[in-house]
Amino acid sequence: MTPLTYYLQNPLDMLAVWHGGMSFHGGLLGLSLAIILYGRSRKLSTLGFFDFIACAAPIGLFFGRLANFINNELWGRVTDVPWAFVLPTGRPLPCHPSQLYEAALEGGLLFFGMRVLVYK
């Protein structure tokens, strides 16, 4: 049975977040609600405040990918490049450190790109 078929037959199970999931989605919903409520309490432009807060997202992405690397999650493809890693709980073959690539690009490069665009 495909996930689509299952959830069409059991639509209330989509709300069963105690079975997993929602790590990103729940955080995004909670942050969005907090931004809206805080912005309204300070009489700030909601969209402008969202833009301001978005500048901090690359920092979170950077540290999240470093945590993925430390926790041996999200391994890259098997490779023979000199900087490949064999992760203790990952594959037994050397893999690209994709978590570090993403930390550098999603975190570092995106942060500096946004900084240049915001402070032109």
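User: Which helices supply at least two residues each to the lining of the largest pocket?
Analyst: Those are α2 (23-41), α3 (46-54) and α4 (57-70). Helices here are DSSP runs of H or I with at least four residues, strands are E runs of at least two, and both are numbered from the N terminus. The model is predicted: local features need pLDDT of at least 70, side-chain atom pairs count only at pLDDT 80 or more, and totals for chains, interfaces and linings use all residues. Residues are numbered from 1 along each chain as its sequence is written, and side-chain values use heavy atoms, with hydrogens and water left out.

User: Which helix gives the largest share?
Analyst: α2, with five residues. Among the lining residues are F24, L28, F50, I53 and L61.

User: What counts as a pocket or a cavity?
Analyst: On a 1 Å grid over the protein atoms alone, a pocket is an open set of points with protein on both sides within 12 Å along at least five of seven lines. A cavity is a set where a 1.4 Å probe fits but cannot get out, and lining residues have an atom within 4 Å of a point.

User: How much space is in the largest pocket?
Analyst: About 310 Å³. A volume is the space filled by probe spheres set on the points, which are joined across faces, edges and corners.

User: And the second largest pocket, how much space is there?
Analyst: About 200 Å³. Helix α5 (residues 98-118) brings the largest share of that lining, four residues. The lining includes F52, C55, F111, M114 and R115.

User: How many cavities of 30 Å³ or more are there?
Analyst: The count is one.

User: Changing topic: how many helices and strands does the chain have?
Analyst: Five helices and zero strands. The chain's radius of gyration is 19 Å, well over the 14 Å that the globule rule gives for 120 residues, so the chain is more spread out than a compact globule. That radius is taken over C-alpha atoms, and the rule is 2.2 Å times the number of residues to the power 0.38.

User: What does the C-alpha trace span along its principal axes?
Analyst: About 55 × 50 × 20 Å.

User: What percentage of the residues is buried?
Analyst: Buried residues make up 14% of the 120 in the chain. Buried means under 20% relative accessible area, exposed over 50%, and partly exposed in between, with a 1.4 Å probe and protein chains only.
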